[in-house]
Amino acid sequence: MIRFLVIFLAGALLAPSAAQSNPDYPSKPVRIIVNVAPGGGVDTATRIIADKLRARLGQPFVVENRPGAGGNIGAEVVFQSEGDGYALLASSPTPLAINGWLYKKLNFDPAGFEPVALMSRIPNVLVVRPDFPAKSVQEFVAVAKANAGKFNFGSQGIGTASHLTGELFMTLTGTKLLHVPYKGNTSGVLTDVVAGHVDLSFIQFSAVHELQQSGKLRVLAVATDKRIEALPDVPTMAEAGYPDIVSETWNAISAPPRTPGPIILKLNAAINEALQEADVLARLRELQVLVGGGDARPRRGSSSRSSERSGAK
């Protein structure tokens with residue numbers, strides 16, 4: 001499932017743009033609902049892009065945080081809004097690719113959203129509090145097995161990539177850790193890891209880079225196919241003996257069902273152009289994330305607005 005998250009948007013973000021953009025859009029401020037708390041990777045990437053959209057399209061793109069319920073609250077707000085391009089969702093894979101498997105009932109249909117643009121991709125890493133009694137994955141597994149259920153790991157919430165990576169880790173290593181979910185609050189997780197209230201986390205490297213550099217926490221491994229440039233001395237999970245622990249997340253913009261195709265294409269083009277601006281590339285590199293991008297492919301029937309909504313689970 002973790003590998004699936006990386007490519008979830010790929011099929012919808014490959015086709016060349018074929019429709020003409022709507023010249024009248026936007027004619028008023030646009031809300032971008034971020035379904036997690038401020039300070040994390042989704043929030044940061046969204047604010048960078050929102051500033052560029054404001055400059056390119058001539059209207060404010062207002063970022064509004066709606067965390068909670070594993071990202072479902074913000075997703076529901078956008079799903080139930082008019083499909084007119086004035087309410088957009090900024091999210092990780094959680095509400096679009098995971099929550100449909102975890103919740104018996106959702107007040108939105110994850111498959112009903114229109115993919116607009118991929119903003120960034122982020123490798124996940126295993127981080128531990130600075131005084132944790134292990135300095136490698138192998139040592140960690142040995143210590144965890146000898147203290148089954150004693151150590152806890154924090155995640156950004158039930159069903160998030162950080163939670164599922166932890167579950168995958170336990171399954172493949174035979175360890176038992178206590179899950180401590182936070183409500184989409186990346187900074188809260190890391191604050192408690194640094195303070196020693198939480199032992200470890202499987203979380204985006206972009207959020208831990210500065211803390212790692214200052215020695216406030218320790219990165220034991222990266223969950224990518226190869227080592228990352230900023231951590232040349234930190235091994236991958238594969239090098240540590242667990243090649244199937246590969247976890248990378250993404251941050252993307254989506255629109256409600258039935259959003260007009262020309263609006264999706266106009267937003268997609270503007271975001272792709274923004275992602276190639278020198279200052280944006282520099283900022284994303286500084287944040288230790290990979291640049292997104294890709295052309296949008298609106299679904300059939302999305303070229304005209306309708307208040308009709310596909311049935312939610």
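Tutor: Happy to! Phe132, Phe140, Phe151, Phe153, Phe169 and Phe202 form one aromatic cluster. Rings of Phe, Tyr and Trp (its six-membered ring) pair if their centres lie within 6.5 Å; planes under 30 degrees apart count as stacked, over 60 as edge-to-face and the rest as tilted. This is a predicted model, in which local features need pLDDT of at least 70 and side-chain atom pairs count only at pLDDT 80 or more, while totals for chains, interfaces and linings use all residues. Residues are numbered from 1 along each chain as its sequence is written, and side-chain values use heavy atoms, with hydrogens and water left out.

Student: How many aromatic pairs does that rule give?
Tutor: The count is 9 aromatic pairs. Phe108 and Phe113 make an edge-to-face pair, with 6.1 Å centre to centre and 65° between the planes. Both Phe108 and Phe113 are buried; buried means under 20% relative accessible area, exposed over 50%, and partly exposed in between (1.4 Å probe, protein chains only).

Student: And what about Phe132 and Phe151?
Tutor: Phe132 and Phe151 form a tilted pair, 4.9 Å centre to centre with 55° between the planes. Phe132 is in the loop between S4 and H5 and Phe151 in the loop between H5 and S5, so the pair ties together parts 19 residues apart in sequence. Helices (H or I, at least four residues) and strands (E, at least two) are DSSP runs, numbered from the N terminus. Phe132 is buried at 2% relative accessible area, and Phe151 is buried at 5%.

Student: Switching to charges: how many salt bridges are there?
Tutor: There are 13 salt bridges, each being a side-chain nitrogen of Lys or Arg within 4 Å of a carboxyl oxygen of Asp or Glu. One of them joins the side chains of Arg129 and Asp199, at 2.7 Å from N to O. That pair links distant parts of the chain, 70 residues apart: Arg129 is in the loop between strand S4 (114-128) and helix H5 (137-146), and Asp199 in the loop between helix H7 (186-195) and strand S7 (200-204).

Student: Are Arg129 and Asp199 buried or exposed?
Tutor: Arg129 is buried at 12% relative accessible area, and Asp199 is buried at 8%. Arg129 also forms a salt bridge with Asp131, with the closest N and O atoms 2.8 Å apart. Asp131 is exposed, at 56% relative accessibility.

Student: Last topic: where is pLDDT under 50?
Tutor: pLDDT (the predictor's confidence in each residue, from 0 to 100) stays under 50 over residues 1-21 and over residues 303-313. Where pLDDT is low, the predicted coordinates should not be read in detail.

Student: And what's the average for the protein?
Tutor: The average pLDDT is 86, and 88% of the residues score at least 70.

Technical notes
Contact = heavy atoms within 4.5 Å.
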